[in-house]
Amino acid sequence: AVYTALPAEDIECLIAEKFAGVKNRNYKRKDTSGIPVRNPALLRKAVHTKPEQDVRTISLEWQLPDTFAHKLTSRPDRQVAYVLGFEGPGSLVATLKKKQLALSIEAGMQKLGRDNAYFTIGVTLTKKGMEQRDKIIAFIFKAIHELKEVGIPEYIFDEQRQRDINSWKTQPRTANTFGASMSAVSEMFTEKLETYPQTSRVLGSKFDSEGAKELLKSLAPDNFSMQQMGGVFPPKNMEGSVRTEKYYGAKFAVEAIPDETIVMWKKAYDGSVVAGFRSDESESTAKMGKIPAQNQYIASHVKVGTIDPKSPVFPALPQPVVLKEDKYGKLYVGIDKAFGDPYLHASVQIKTSGKIMDRMGPKARVLADILVDSIAHTVTAEKYPFTVAGMSAAVTLGKGTNLYVSLSGTNPQKATYD
């Protein structure tokens, strides 16, 4: 790659001169399709790593058919990952949180090289959840079954594409032009210049429903491996002895998962009832709200604002003005005229009595911190659709027991913030 601000015709001779000594070795890229990315001997087994900290995580991993490494314009893996990792009401993670079994779920596809891909579902568990690990994995396979039954709706793809477009249009400016250029060049290795960045950063125009179905069929109990940190170590059903990793000195062991556990997971994957998974197993998936509803908060016509060439230049800063002042406080407003991003940030400080700290001391701070964390966990599911649409809201702790309520996001729709 050549990084320059000069026109191509002005630099052509210099490039030819400098690169003349590079020999054409007629290199042909090795085809790595079909090569296992994980040791086949670890299928249907769990590798336990002894953690240094108090963590409890499991990670289920599947190698996907090689075709998924090349589905660059449709990315069905993104739609599957979005639904499995959705945190809104009725979702898998909301169900597990309600039962105090898990704190979070993440899902997604990773590529190893150009031809190989694997899909991962990672779960951060509570102590209670780790004790019921096998049942939680059955929950996951039950959720995969439900998703196979109803399929991925096309609006999930449409929303992801719109978010990609919004992100591209509102990408932040950077002073690190060299770093940004090198990042773009790396993307151009996988996409032709004629279409860039339509593949690398924005989904194509065609939804691959069959690809999503094929991927879900690949997430079966008979061809996955598992990583675990936390829980009992060394594990039951350990193969061999505890071993030590060569480079970091971490202790690890391999667990052979019993056949009866695999059978239980297969039954869940095929649709059998998992006790405690839903309040009413007779309900249909659609009625249970398992599939995320259409997100009405994603902006569809994002535009940049007006830029004033006379706006302050750093270290000078724009000054907010007092819009309103009364006995309850002051409201400051500042309007961006330097960047033009359709971005809003609002913060309200709730001042509490200083006597609380005087009377209770550090205990007041601890209780306020617990209150803030409780609020955050309580509203996670309800605010998730807004988070997906590019907005955020939070309650944080300030000085003493003062609270800050803030919201921000790249969304020009006033009704969304209301």
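Residues are numbered from 1 along each chain as its sequence is written, and side-chain values use heavy atoms, with hydrogens and water left out. Because the model is predicted, local features need pLDDT of at least 70 and side-chain atom pairs count only at pLDDT 80 or more, while totals for chains, interfaces and linings use all residues.

Begin by selecting V80, F119, F141, I144 and L219, which touch the most other members of the largest nonpolar core, a set of 56 residues. Such a core consists of buried Ala, Val, Leu, Ile, Met, Phe, Trp, Tyr and Cys residues joined through side-chain atoms within 4.5 Å, where buried means under 20% relative accessible area, exposed over 50% and partly exposed in between, with a 1.4 Å probe and protein chains only. The largest share of this core, 9 residues, is supplied by helix α5, residues 133-150; helices (H or I, at least four residues) and strands (E, at least two) are DSSP runs numbered from the N terminus.

Next, select residues 362-388, the 27 residues of helix α12, which span 37 Å from first C-alpha to last, close to the 39 Å expected at 1.5 Å a residue (1.5 Å times one less than the number of residues). At A381, α12 bends by about 65°, and the proline P385 follows within four residues; the bend is the angle between axes fitted to the seven residues ending there and the seven starting there. The buried residues of α12 include A364, V372 and Y384, and its buried residues pack against elements including α2 (76-84), α6 (154-169) and β12 (403-410), with contact meaning heavy atoms within 4.5 Å.

Keep α2 and α6 in view: R78, Q79 and Y82 in α2 meet I156, F157, Q160, R163 and D164 in α6. The two helices pack at an angle of about 105°, with their axes 10 Å apart.

Which residues are joined by cis peptide bonds? F233 and P234 are joined by one, with omega about -5°, and P234 lies in the loop between β5 (224-229) and β6 (238-244). Another runs from F314 to P315, with omega near 15°.

Finally, select Q100, which has a positive phi of about 60° although it is not a glycine, and which sits in the loop between α3 and β3 (102-112). At 54% relative accessibility, Q100 counts as exposed.

Conventions
Axes fitted to C-alpha atoms, helices over the stretch in contact; angles between N-to-C directions.
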